[in-house]
Amino acid sequence: MKYGIGTKVVRGFKGYDPHTGAVSFPIYQSATFRHPGLYQTTGYDYSRLQNPTREELENTIANLENGKFGFAFSSGMAAVSTVLSLFSPGDHIIVSDDLYGGTFRLFDEIYKKYGIGFSYVNTSGIEEIEDAVRNNTRAIFVETPSNPMMKVADLRKISELTKNKDMLLIVDNTFLTPYFQRPLELGADIVIHSATKYLGGHNDTLAGLVVVNDDELAERLKFVQKSEGAVLSPFDSWLILRGIKTLGVRLEKQQENAMKIAEWLRTNKNVTKVYYVGLPDHEGYSISKSQASGFGAMISFNVKDKLIVEKVLEKVQLILFAESLGGVESLITYPVVQTHSAIPEEMRERIGVNDTLLRLSVGIEDAEDIIADLEQALE
Ligand SMILES: *Cc1c(COP(=O)(O)O)cnc(C)c1O
């Protein structure tokens with residue numbers, strides 16, 4: 001049967017335990033597996049190589065992204081790092097200049113040392129990407145919508161640049177998840193998730209996922225995964241599987257809330273600019289409509305001055321002042337100090353991550369309560 005995405009998230013891959021009928025997929029908390037005999041295997045030998053619970057998650061995310069192969073890691077950064085292991089000294093990668101600070105740090109302070117070159121460009125402009133392509137460019141790494149400026153990259157157009165070349169399009173799909181956006185269908189080669197965020201959805205665990213379609217890429221990723229060993233534990237795999245079941249209802253509610261909050265923020269006298277892809281006058285609105293079925297629930301906004309930032313972060317009561325995003329609880333962060341502190345000031349200023357910018361991850365509480373909290377905090 002071919003199901004819609006709202007059904008697929010509930011059903012998972014196998015969805016239940018075929019041996020016992022358990023509706024909640026079991027946690028196979030075992031490091032190793034008994035061989036039935038010499039040269040024989042049950043399909044599972046050792047949990048770094050494969051584990052049934054992790055495998056259910058890997059197949060589930062592959063199924064949701066319309067890909068063939070999924071891989072689960074102990075964090076989003078472990079997933080990004082594994083993908084970066086595909087490259088060699090001398091390779092060059094074009095990267096969104098507005099991206100998760102931890103990804104920038106991994107590239108700039110670890111992989112650069114190993115001889116991989118990076119160019120940070122505004123990936124919402126196709127010309128800028130074209131201009132950055134060199135003979136040794138092997139990949140374009142994109143976040144869309146970007147973090148925290150919510151810029152939208154045209155994935156179909158970018159994939160035309162990489163097609164038939166020795167170049168991969170890698171998309172960090174954390175912000176929209178396969179519920180709203182499936183980059184492989186738009187021409188991407190590799191999709192990455194921090195499953196810590198929307199897929200897990202409850203701010204209770206870290207996880208990273210990778211999905212590809214190509215057999216050879218899958219084999220290389222599998223090799224790095226088992227060799228480096230940053231695999232997701234059976235229990236954490238189960239938590240993400242459980243989170244995914246409600247991804248659809250959570251995202252619908254979060255998006256509905258986000259739209260109301262973005263519109264309200266615009267009316268507040270202490271707010272000078274609101275970045276939310278779902279606002280029809282957002283720069284990326286029409287591209288987003290053409291490649292995704294939703295806008296997500298991440299909002300950034302500028303306030304009049306830094307004193308207001310300090311006041312808001314002290315005064316919020318319902319909204320938690322905490323890093324991370326995507327969970328059922330609304331969280332507010334100050335990118336300049338938290339998520340994006342690893343990015344050099346010059347680059348931050350260029351992309352607009354300044355000291356009056358706040359980022360809000362909208363949860364599933366009542367929109368009226370979130371707005372009331374912001375209202376009293378912004379007063
Ligand atoms: C959080 C995040 C990451 C890193 O994931 P962790 O699970 O924290 O390691 C990568 N990309 C984006 C877009 C993120 O928001």
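The sections below take up the basis of the model, then the ligand, then the cavities.

## Basis of the model

This is a predicted model, in which local features need pLDDT of at least 70 and side-chain atom pairs count only at pLDDT 80 or more, while totals for chains, interfaces and linings use all residues. Residues are numbered from 1 along each chain as its sequence is written, and side-chain values use heavy atoms, with hydrogens and water left out.

## The ligand and its shell

The ligand sits in the largest pocket. A pocket is an open set of points on a 1 Å grid over the protein atoms alone, with protein on both sides within 12 Å along at least five of seven lines, and a molecule sits in it if more than half of its atoms lie within 2 Å of its grid points.

Around the ligand are S75, G76, M77, Y100, E143, D172, T174, S194, T196, K197, A207 and L325, each with a heavy atom within 4 Å of it. By class this shell has 4 nonpolar, 5 polar and 3 charged residues, where Ala, Val, Leu, Ile, Met, Phe, Trp, Tyr, Cys and Pro count as nonpolar, Asp, Glu, Lys and Arg as charged, and the others, Gly among them, as polar.

## Polar contacts and cover

Polar contacts are pairs of N or O atoms within 3.5 Å. A ligand nitrogen atom lies 2.7 Å from an N or O atom in the side chain of D172, and a ligand oxygen atom lies 2.8 Å from such an atom in the side chain of S194. For the side chain of K197, the distance from one of its N or O atoms to an oxygen atom of the ligand is 2.7 Å. Of the 380 Å² of accessible area that the ligand has on its own, the protein covers 93%, by the Shrake-Rupley method with a 1.4 Å probe.

## Cavities

The structure holds 2 cavities of 30 Å³ or more, a cavity being a set of grid points where a 1.4 Å probe fits but cannot get out.

How values were computed
On a 1 Å grid over the protein atoms alone, a cavity is a set of points where a 1.4 Å probe fits but cannot get out, and a pocket is an open set with protein on both sides within 12 Å along at least five of seven lines; lining residues have an atom within 4 Å of a point. Grid points are joined across faces, edges and corners, and a volume is the space filled by probe spheres set on the points. A polar contact is a pair of N or O atoms within 3.5 Å; within protein, one must be able to donate a hydrogen and the other to accept it, and residues adjacent in sequence count only if both atoms are side-chain atoms.
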